[in-house]
Amino acid sequence: MKEKMLILVLALALVAVCVQWVRAKQSGGGGAVGSGDVYTSIMTRTSVRSYQDKPVEKEKVDRLLHAGMAAPSAVNRQPWHFVVVTERPLLAALAQANPNAGMAKDAPLAIVVCGDMTKALDGEGRQFWVQDCSAATENILLAAHGMGLGAVWTGTYPSKGRCEAVSKILGLPETLIPLNTIVIGYPKEVQQPKDKWKPENVSWNRFGGKE
């Protein structure tokens, strides 16, 4: 009787472990760099500009978009719209529209983060959409890194020429302003993160204050 109870307990424990493993895989884990440790993901993320000839799975694209929409926003207005680009001619056109996005022509995926002015605040708070969409962009970058993808943020706004070119390529209405293009793919090679820590960029309590 005791042996049967022990076997039952071990079986239940094994089932629990398997369920946790499956949940980790579904949430983008599974051993990717930085998975399960937000600080490690932040400190090891790099801008990746060269990619393997391999598409990004639809489920991973969905997770990236969920991550973007989980970002904080002023008064919870969520003034963003994401345009997912996978068609090769459009990726090549985006590369032409932005001199900093040349790698898009060889990438399998780009997400253009736009500010939706119909959701932006009125008055002095209207420009908060830039901060809100930037927060969404950083979420996508970190989520991509956590899933073993490589990504790079290429700016569009406030360059009038870039905004007009990207808007024309994607057929954006006047109410959508393209903030940036995130180019994404599986990295061709592992890159070493840069150490950007500079204590001189920190003040305590007031400017120039020491710890």
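Me: How many disulfides does the structure hold?

Reply: A disulfide is a pair of cysteine sulfur atoms within 2.5 Å. Here, in a predicted model, the structure holds 0 disulfides. Take C114: the nearest cysteine sulfur belongs to C133 and is 8.0 Å away. For C163, the nearest cysteine sulfur is that of C114, 9.2 Å away.

Me: Thanks! What should I know about the model before reading on?

Reply: This is a predicted model, where local features need pLDDT of at least 70 and side-chain atom pairs count only at pLDDT 80 or more, while totals for chains, interfaces and linings use all residues. Residues are numbered from 1 along each chain as its sequence is written, and side-chain values use heavy atoms, leaving out hydrogens and water.

Me: Is C114 buried or exposed?

Reply: Buried means under 20% relative accessible area, exposed means over 50%, and partly exposed lies in between (1.4 Å probe, protein chains only). C114 counts as buried because its relative accessibility is 0%. C163 is buried too, with a relative accessible area of 11%. Across the protein, buried residues make up 38% of the 211 residues.

Me: And P89, buried or exposed?

Reply: P89 has 62% relative accessibility, so P89 counts as exposed. You will find P89 in helix α4, residues 88-97. P89 and I169 are 80 residues apart in sequence, yet their C-alpha atoms are 10.0 Å apart in space.

Me: How many helices and strands are there?

Reply: Both are DSSP runs numbered from the N terminus: helices are H or I with at least four residues, and strands are E with at least two. This protein has 6 helices and 4 strands. From the N terminus on, the elements run α-α-α-β-α-β-α-β-α-β.

Me: At what angle do α3 and α5 cross?

Reply: Axes are lines fitted to C-alpha atoms, for helices over the stretch in contact, and angles run from 0 to 180 degrees between N-to-C directions. Helix α3 (residues 58-69) and helix α5 (residues 128-146) have axes that come within 7 Å and cross at roughly 140°.

Me: Which residues of α3 and α5 meet?

Reply: Contact means heavy atoms within 4.5 Å. From α3, L64, A67 and G68 meet A136, N139, I140, A143 and A144 of α5. By class, this contact has 6 nonpolar, 2 polar and no charged residues. Ala, Val, Leu, Ile, Met, Phe, Trp, Tyr, Cys and Pro count as nonpolar, Asp, Glu, Lys and Arg as charged, and the others, Gly among them, as polar.
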